[in-house]
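The structure under discussion is shown first.

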Amino acid sequence: MTTMTDPPQGAFRLSMLLNDTRYRSYTFQFIALIVLIASFAYLGSNLFSNLAAAGLNISYQFLGTPAGYDINQTLVEYDSQSTNARAALVGILNTLLVAFMACVTATIFGVIAGVLRLSKNWLVSKLMAFYVEIFRNIPVLIWIIIIFTIMTAVLPGPRAFRGDEPSASMVLNAFAFTNRGIYIPAPVWGPGSLVVVATFLASIVGVFAYRRYATKLLYDTGRLLPMGWPSLAILFAPTLVMFFVMGMPIGLELPELRGFNFQGGIKIGGPLIALWFALSIYTGAFIAENVRAGIQAISKGQTEAAGALGLRPGRIMNLVVLPQALRVIIPPLISQYLNITKNSSLAIAVGYADITATLGGITLNQTGRAIECVLLLMLFYLTISLCISAIMNVYNNSVKLKER
Amino acid sequence: MSDTHAHSVAFVRTEQVPPSPPPFTTSGPVKWAKDNLFSTPFYSVLTIIAAYFIYLILAGSLPWIFNGVWATSSLAECREVLDGVSGGCFSVLTERWNQLLFGFKYPAELYWRPTLAFVLMFVAAAPVLFFKLPRQLLVFTALFPFLAYYLIWGGTIWTPLLALAGVIVGYLVYSRFVAGSFAAGFFGGIAAAFVVWIIGGMLIPDNANDTAMMQAVPSRDLGGFMLNMMLGVACVSLSLPLGIALALGRQSDMPLIKWVCVIFIEFIRGVPLITLLFVASVMLSYFFPPGTTTDLFLRVVIMITMFSSAYIAEVIRGGLAALPRGQYEAADSLGLDYPQAMRLIILPQALKISIPGIVNIAVGLFKDTTLVSVISMFDLLGMIRGPILASTEWNGVYWELLGFAALLFFVVCYGISQYSQWLERQLATDHR
């Protein structure tokens, strides 16, 4: 008969802290904690003695004082008497604006380039490969500056549009490309325009309802309703009818040359265009590679199996390849969006008033509150990044392969 | 039998007819064009659009390049020579060549020093990049950082020699103790190196730089493409060990170590590089001991190294996660302890998997070194936007300069990515 006994539990000895794997990790962590605290204390004491020597302190009161500088492109009310906090808000909105616009256009560029790069057309696929390699391998800052230079040094000044035989003319009489920015028509909302907009929104809901109904009908009875032209009709017909019934309430205000500059319309400044276009075309090259990788990741067997089931090429793409490819494409796509947001901080190089240029640029230089400004700046970007990562995690969990 | 035919048929061919060539449209370039360019109407339209697009680009750029002027001393003179014809004023490149490469403050008579360091860099990098070269060359790679420092900054030779001595002493202590315990060897080596540096630092006289054989060049005089190269090379090589440590720390079982690494990595990855450069330029000096001054170059190197190490850590973590669990268990069952398992089994495989990712980070980082022009360091882009475009001779020569910068970066980055693809093929051991 054997008796099972526990291994001898010796009393705790000090040497076990180093030799026993059960306790060793505590020793290491304790040492690490001490080192960490010591280094933070060292850096902190340096900081405070340096600040004291320079007669500074940490204070966020500068946020409430008037900023004292003008911003040429703002989304909310702002003048030079507004507070620094307001200037930072303008910067935040401008950052979000350019990041959003660049995300949309980068996706369009990237998807087109990625799909065309896989095309069987030799010339087109080589051209797209060329685009991707050229834009990926040259720093985005150089692209921003190149496009900004085109905007400021190549486009004609408003003066060129004047006179009997102007050297420059407006495109379609509605768009003016000048070195001060691009002027586009602005919508004018007359009385009754609300009804038209509401109709349009209702039509969008209607399109989705129609598509859902068509799918349900297909699954229930096998009858296939046409999708394309009814969707278009539902989307535009009621709005157009309502537009004329209400007596054309929405008009366009065209930019016009008055005096030395263009008046009316919406002005999009050169820095915004440069940043927007450079970010989208640069990130578009990366997205093209993601899209290509995603489509190539779908094995050929999937396409062939769908073909064997009798699906037509368009449906194979929509129902079989794309849903699987998107699972591969979207995570890197979202991290590219994150990169766009972070790269939009390069706005400071061309003078676009984003958060880095207002809070981290002019406010920092005028108030001398370096530490506070940089900390707030980092906090903002960190918040954005964490939000986008959170969205990405939610998405990844929702499309994860349900393995049994 | 043949007799009957001889009577019924007038002529019988006795040899075979040679095969006629395929129709013109089903072979050769025409077939290729038909298959690859004009297979469907849609593709034909695409081809025509693409061809027109290429024509536009070439028609715009070729005359500009071939009519270029290479030997004038100012923009006005260049425009006179061109006389209204479309052409580039490339003379800005020939005239400001040294400024573009070395910045505008580096002493002209010392240009041979960074050039020599640049050439030696290839010798030093060769054994790291190409595994077939003799391993003895790695000795030169180890010496290169000290040599390059001495060549670029000059000053007293004792500083790089002291640094080298510290490293050698540290390595000797490490190899003496590592057999017993990795931790003892590692930390002992670091401690020994620091002891040598501190003692040696007291021995070097303060005015050693003034009497040195090589003229000392302060960091703020560095500039041009040299600055981009130095930042790129220094930060990538410094951030590799840091990144490996962070990746291992993030995988650690010890919660404190793990969370410190996670917070560091996520924080750095969440903020743009430019805010970190702001930290370097306006904030970091507050964290150094009062009364000391650190030059901007060192502060920027610290911040960019932190930045890239966080990204490299994530790439290496991917490599560690891609290793099959069995590799860890096999290492454990052989009785290897943690440092041994990591050094002998896990890291060699994980690093191999992560090489393409690391190269991507390196290329991205090299491109990002242009950002230092925002905090008014005169790198290649800073030189172009600052001193050269602001000068009276060359005010307005945008395309030649920006195109040159773009070309330089393209050559380097494209070269590195091609090398990475070659290396991936070399390291592919899975015989597919």
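## Helix packing and chain contact

The model is predicted: local features need pLDDT of at least 70 and side-chain atom pairs pLDDT 80 or more, whereas totals for chains, interfaces and linings use all residues. Residues are numbered from 1 along each chain as its sequence is written, and chains are lettered from A and ligands numbered from 1 in the order in which they are written.

Helices (H or I, at least four residues) are DSSP runs numbered from the N terminus. Axes are lines fitted to C-alpha atoms over the stretch in contact, with angles from 0 to 180 degrees between N-to-C directions.

| Helix pair | Axes come within | Crossing angle |
|---|---|---|
| α11(B) and α12(B) | 7 Å | roughly 125 degrees |
| α11(A) and α12(A) | 9 Å | roughly 175 degrees |

The angle in chain A makes α11(A) roughly antiparallel to α12(A). Their contact (C-beta atoms, placed from the backbone, within 7 Å) includes Ile355(A) and Leu359(A) of α11(A) and Val374(A) and Phe380(A) of α12(A). This contact has nine nonpolar, three polar and no charged residues; Ala, Val, Leu, Ile, Met, Phe, Trp, Tyr, Cys and Pro count as nonpolar, Asp, Glu, Lys and Arg as charged, and the others, Gly among them, as polar.

In chain B, the contact is made by Leu246(B), Gly249(B) and Arg250(B) of α11(B), with residues of α12(B) including Lys258(B) and Phe264(B).

Between the chains, the contact takes 47 residues from chain A and 43 residues from chain B. On the side of chain A that touches chain B, α2(A) gives the most, with 13 residues. By class, that side has 31 nonpolar, 13 polar and three charged residues.

A nonpolar core is a set of buried Ala, Val, Leu, Ile, Met, Phe, Trp, Tyr and Cys residues joined through C-beta atoms within 7 Å, buried meaning 20 or more other C-beta atoms within 10 Å. The largest such core has 153 residues, and Ile144(A), Ala274(A) and Leu277(B) are among those that touch the most other members. Helix α8 (residues 270-297) of chain A supplies the largest share of this core, 15 residues. Not counting residues up to four places away in sequence, Ile144(A) touches Ala274(A), Leu275(A), Ala278(A), Leu346(A), Ala349(A) and Val350(A).

Definitions and conventions:
Two residues are in contact if their C-beta atoms, placed from the backbone, lie within 7 Å. Helices (H or I, at least four residues) and strands (E, at least two) are DSSP runs, numbered from the N terminus. A residue is buried if 20 or more other C-beta atoms lie within 10 Å of its own, exposed if 12 or fewer, and partly exposed in between; C-beta atoms are placed from the backbone. Angles under 35 degrees count as roughly parallel, over 145 as roughly antiparallel, 65 to 115 as roughly perpendicular and the rest as oblique.
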